[in-house]
Amino acid sequence: MLKLDRICKTYRTSDVETAALDDVSLEVRAGEFLAIMGPSGCGKSTLLNVLGLIDSPTSGAYWFMGEDVARCSEEQLTLHRRARVGFVFQNFNLIDDLDVAENVEVALLYVGMARAERRSRVAEALERVGLKHREHHMPKQLSGGQQQRVAVARALVTRPKLLLADEPTGNLDSANGDAVLDLLGAINRAGTTIVMVTHSAEHAHRAGRIVHMLDGRVVEDQEIAVAC
Amino acid sequence: MLANYFAAAIRNLLRNRAYTLINLFGLSLGFAAATLIALYARDEFSYDRFIPNHDRIYLVGEVVEPPGRSAMRLSVTSTTDAEALKFAFPEIETATRLAPSGLRLSTKQDNEGAALDSFWADPNFFDVFPLRSIAGDLANALSQPDSLVLTSRAARQLFSREDAVGETVRVGPDAVMRVAAVVENLPSNSHLNCDVFLPGAASFSPLVTLTAEQRQPGALRSENAYTYVRLRGDASIDDVRSRLRAFTDSHVRGDVNGTPIAKSYTFTLTPLADVHLQPRSIGDLKPPVDVRVLHALIGVALLILVVACGNFISMMTARASRRAVEVGVRKAAGATQRQIMIQFMGECLFYGLLALIPAVVAVELVLPAFNGFLRREIAFDYLTEPSLGLGLIGLTVLTGLAAGAYPALYLSRFKPNAVLRGTTLTPQSSRARQSLVVAQFAILIALLVATFTVNRQIHFAIEDRLRLPTDQIYLASPALGCPTSFTDALPTLGRVKAVTCVSGSTLGFDHISVNFISPHGGGNVNGRAAQVDYSFFDVFGIQPIAGRLLSPQFGQDDLLRKDQSTADNPTIVINEAAARALGYSSPAEAVGTFARWQRLSVIDGRLQFRGQSSSKIAAVVPDFSIGSVRDVVGPTAYYIDPTVFSRMVFRFDGGSVQQSLESVRDLWEKHSSSPFQGMFLDQFVNALYEDVLTQSAIFTWFSAVAIVLAALGLLGLAIFTAERRTKEIGLRKVMGARRTDILLFLGWRFARPVLWANLIAWPCAYLVMQRWLQGFAYHTEIGVLTFVIAGALALAIALATVAGHAMLVARAKPMEALRYE
């Protein structure tokens with residue numbers, strides 16, 4: 001489904017060049033639940049951004065669902081991303097000025113869907129994360145766990161083939177963290193490919209495969225025998 | 001999608017109430033100020049466009065440029081010109097005339113219409129100017145020599161009702177006329193200011209009497225009538241203009257010392273809609289507008305909008321970090337940069353439309369006072385006048401787009417991977433905001449310099465240059481003349497400090513020439529003749545620079561009173577300009593010498609220079625004029641010539657001016673049946689500078705608006721900076737910074753852009769205002785102090801604006817500040 005071939009990503013300031021990704025090759029199969037682990041600054045989030053088409057590699061080739069997208073323009077990446085990729089972030093990134101349902105709806109606004117269908121999809125997604133009854137609440141009125149579940153609902157409302165989660169439990173206590181992981185497990189079992197960045201070995205082991213990174217390189221690719 | 005955008009916009013607006021208020025108030029104020037200026041400018045450009053066929057109607061004027069003298073523009077012509085033009089040019093469909101009457105109107109009930117402006121008009125006047133009749137038939141209203149037409153205002157003043165047709169009105173001391181029709185008042189945007197139209201066909205109308213006089217062989221040409229011509233629909237004005245020179249040469253007869261007068265004359269044809277936009281002319285019915293000032297005002301309106309937009313851009317980008325997550329999420333969800341731009345542009349337009357509502361309310365509230373000040377009837381009927389409503393919306397949309405473009409571009413360029421990780425935003429926006437503050441304060445400082453300069457020039461024109469108690473000097477109407485029986489009786493009253501008889505030329509109301517033969521060779525020197533009485537210098541407080549003033553002790557001074565036909569010239573007093581022009585190295589050198597000069601006087605019914613004759617220069621006095629500082633005071637010769645005295649000038653004691661005037665009026669009424677009329681010099685001077693006074697007030701008001709806007713922008717930025725720097729300030733306090741250190745730190749931060757602004761504002765303001773001052777022959781200088789004061793004031797405003805907020809921040813406990821982040 002996703003194939004990275006010798007991907008590099010360097011950041012340049014006036015006098016310093018930093019390699020965030022250094023010759024990374026990786027393949028993600030459809031339906032996989034992949035966890036990426038590694039110390040801070042090792043390039044996990046950069047890899048996730050490249051996978052999710054919100055960042056472009058400096059060099060290398062990237063086949064996204066069968067198409068080489070490494071040199072695509074911003075506009076083309078946006079069109080590829082639209083409705084195919086869902087994102088979940090560590091700090092939830094809900095829009096303060098929109099209520100729960102409106103936040104979830106944002107993901108559907110740019111795919112050209114009729115209003116009635118959007119509404120039913122939003123209701124369905126919220127039902128799935130158990131927050132239908134909170135649809136008219138503002139983000140500030142929810143707990144951290146609830147906010148992350150809204151973010152998950154927003155990520156899956158477009159029924160994406162790929163869901164990328166950047167430390168989705170990083171800002172949550174263990175109970176809420178487990179609940180979110182359960183939710184991601186269920187989504188994966190329903191057929192969505194998931195790539196998740198995490199610091200938690202326990203959470204990583206609920207994935208089917210763990211990729212370890214260090215200094216911008218993949219240092220270990222470990223299949224887990226029994227997924228969650 | 002729109003609902004989602006709308007929800008985000010509205011909630012963002014409500015969540016940040018302080019910013020929203022500052023933002024909306026700033027935009028509203030900018031819109032209101034710009035709308036008022038636009039309404040004013042529109043009114044100025046709309047003069048006389050309500051008259052049907054105005055594009056075919058022309059006011060005939062003259063430019064008179066005698067050899068050696070600067071050109072004079074006149075908006076009046078001879079009473080004979082209308083008929084001659086119509087005869088000479090088949091393109092002219094019809095011609096009509098107006099002539100001021102100055103007569104007092106009263107009713108049988110002794111009801112005197114206060115200050116009614118009455119004009120003699122030709123019977124066909126209402127054919128060219130078809131005003132709307134309220135009562136009576138306009139077609140023949142002025143065809144009878146004893147019927148007149150009133151405006152509804154005049155009818156109300158005289159009869160307390162509009163339907164006054166058939167009523168009789170006493171016109172002047174003797175005539176009685178019947179009201180034939182009542183017309184609607186002329187709107188304020190007309191160059192005509194008539195309340196009463198008297199029948200030009202009346203035997204004592206100047207349209208009849210002066211025409212008869214002008215037709216006498218050798219008669220002096222005089223300009224007393226406003227002449228309008230209407231061309232045929234298929235006629236070309238260019239054709240007419242191309243033949244005007246030949247017409248002038250054949251129509252204007254007579255010569256001065258052998259030179260045809262016609263050579264000095266050029267007729268002008270000004271389209272009716274442009275009459276108000278022409279340079280000032282002698283005889284203007286209303287002071288025209290200076291188009292340059294109008295353009296400057298439109299510039300000020302644009303600057304105000306720029307400042308308001310600057311605030312908006314500054315606030316929107318300052319708050320951008322609060323919207324960054326939203327942009328990131330939307331982009332991650334598949335929104336393109338274009339879609340994000342459209343969203344934020346739409347939001348800015350929404351802000352603009354929201355700001356338009358209070359702006360419209362503010363204009364509605366202010367307009368009556370604005371109209372009162374300008375003496376206008378500017379309407380703001382945006383509901384019934386589609387162009388106005390659309391204009392307002394267009395202004396809002398344009399401003400919204402202009403103000404929204406940068407924030408929309410700035411916000412839409414956020415990289416989702418950066419903002420969603422919480423990376424701090426690039427500092428370019430902060431630099432852009434600083435640049436905006438510099439630009440706003442530069443505009444503010446430039447406006448302050450302009451306001452100070454305009455006010456200084458007015459003070460210079462009215463106070464410094466004349467150095468006279470203008471409220472104690474009274475210029476009697478020329479209708480009164482200067483009867484010696486009255487002036488001789490005045491001392492018995494004991495209330496008049498001095499009285500003098502003068503010619504119109506002395507005061508600059510008309511021009512009689514003198515021709516000096518230069519004692520040092522070279523060409524002759526043409527100057528102004530100022531025919532005065534002994535006491536003229538007393539009345540106007542003029543002291544000689546060298547020599548002695550005219551006095552009864554010297555018989556040669558009053559030569560012409562004794563013998564009007566003498567070819568000799570009387571003793572003269574000249575001004576400095578004349579002394580310079582005659583080549584004297586100092587005033588003292590001129591005194592006591594004999595100047596050879598020619599006096600213009602009427603010989604055998606023709607205006608001619610008499611032969612050269614020498615007379616003594618008794619004194620040199622400073623250049624003096626009660627006229628506008630726009631005009632140069634040329635060489636002037638003062639001498640006594642009672643034959644051309646046309647009016648009296650009184651100087652009263654300071655203590656009881658009004659009582660003194662009443663005593664003089666009482667005494668006058670014992671001498672004459674005509675009413676005692678005139679005006680104080682301060683009224684005259686204020687009328688002279690009415691346009692500059694209006695400009696000054698407008699500049700002051702709109703500078704105040706710019707000050708408020710710039711201060712608002714800074715306040716918003718101060719709140720934002722303090723918010724962003726709470727942690728830094730807390731840390732500084734933990735490290736031992738005192739409250740004053742924090743205040744100085746914040747103060748310097750906001751003072752810096754104001755200081756930079758001076759560097760931009762000073763040269764720009766200097767160049768613009770220097771150019772404005774060049775329009776006056778005599779003007780004040782723009783001193784360094786003006787710039788320093790403007791800069792200091794802007795700095796004080798900036799510091800005062802941020803002081804309150806900085807104080808609050810500086811007083812906060814450091815731990816609170818650190819906990820905040």
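Trainee: Is Cys501(B) buried or exposed, and what is its relative accessible area?

Mentor: Buried means under 20% relative accessible area, exposed over 50%, and partly exposed in between, with a 1.4 Å probe and protein chains only. Cys501(B) has a relative accessible area of 5%, so this residue is buried. Please keep in mind that this is a predicted model, in which local features need pLDDT of at least 70, side-chain atom pairs count only at pLDDT 80 or more, and totals for chains, interfaces and linings use all residues. Residues are numbered from 1 along each chain as its sequence is written, chains are lettered from A and ligands numbered from 1 in the order in which they are written, and side-chain values use heavy atoms, with hydrogens and water left out.

Trainee: Which residue does a disulfide join to Cys501(B)?

Mentor: A disulfide is a pair of cysteine sulfur atoms within 2.5 Å. Here Cys482(B) is joined to Cys501(B), with 1.6 Å from S to S, and the link is left-handed, with -70° about the S-S bond. Helices (H or I, at least four residues) and strands (E, at least two) are DSSP runs, numbered from the N terminus. Cys482(B) lies in the loop between strand 15 and helix 15 of chain B and Cys501(B) in strand 16, so the pair ties together parts that are 19 residues apart in sequence. Cys482(B) also counts as buried, at 16% relative accessibility.
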